[in-house]
Amino acid sequence: MNGLDSLYQELILDHSKHPHGRGLSPEEGRTASSHQHNPMCGDDITLRVRVDDAGERITDLSWEGSGCSISQASASMLAALIEEDGGDDGLPREDAVKLIDGFREALRSRGAIPLDEETFADAAALSGVSKFSARVKCAMLAWVALEDALARA
């Protein structure tokens, strides 16, 4: 294992042990939730998103779940990314959709498209998952939940 792979493995383990955004926020204001299950390995995620009154910005993202370290780390990384990119005003919905689409494209590429650290922050550590098709669903679970929740919001 090279140094970068080792660093990414540590980052994934750190996010799974110390998850960001874990614990569902109260359903106040305009919120929507999505529950997703991965039958391949038993991962479960319930993600709740809060948007502004116009429905144009994500103002809060929280989640609760159980499963493998990849699914839990991915949910944590997604929550941190949404909070970081959104700042005080919240992340524009269209930016979240672009993140989801880019993440999906990279994970389905079987390693051909790496995740850019500048765009995906810590979630770029999940690039290597794309080489293991059985683990792609684990990494995608929270992102699919966000996509579904945004469609409901």
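**Notebook: aromatic rings and a sheet**

I began with Phe120, which is buried, with a relative accessible area of 7%. I keep in mind that this is a predicted model.

I then looked up Trp143. Trp143 is buried too, and its relative accessible area is 0%. Phe103 is also buried.

Next I went through the aromatic pairs. A search of the whole structure gives three. I took Phe103 and Trp143 to begin with. Their ring centres lie 3.8 Å apart and their planes stand at 5°, so I note this pair as stacked. I checked where the two residues sit. Phe103 belongs to helix H3 (residues 93-107) and Trp143 to helix H5 (residues 133-152). The pair links distant parts of the chain, 40 residues apart.

I turned to Phe120 and Trp143. This aromatic pair is tilted, with 6.3 Å from centre to centre and 55° between the planes. Phe120 lies in helix H4 (residues 117-120) and Trp143 in H5, so the pair ties together parts 23 residues apart in sequence. I record Phe103, Phe120 and Trp143 as one aromatic cluster.

Then I followed the sheet. I find an open sheet of four strands, in the order E1-E2-E3-E4, with antiparallel pairing. Strand E1 (30-38) and strand E4 (91-92) are at the edges. Each has a single partner strand, so one side of each has no neighbour in the sheet. Strand E3 (residues 57-66) pairs with E4 over two bridges, in the antiparallel sense. I see Arg57 opposite Pro92 in E4.

Last, I looked at how H5 meets the sheet. H5 packs on it, touching E1, strand E2 (43-51) and E3. The direction of H5 makes about 150° with that of E1.

Key:
Residues numbered from 1 in each chain as written. Predicted model: local features only at pLDDT ≥ 70, side-chain atom pairs only at ≥ 80, totals over all residues. Heavy atoms only, no water. Phe/Tyr/Trp six-rings, centres within 6.5 Å; stacked < 30°, edge-to-face > 60°. Buried < 20%, exposed > 50% of the residue type's maximum accessible area, 1.4 Å probe, protein only. Pairing = 2+ DSSP bridges. Contact = heavy atoms within 4.5 Å. Axes fitted to C-alpha atoms, helices over the stretch in contact; angles between N-to-C directions.
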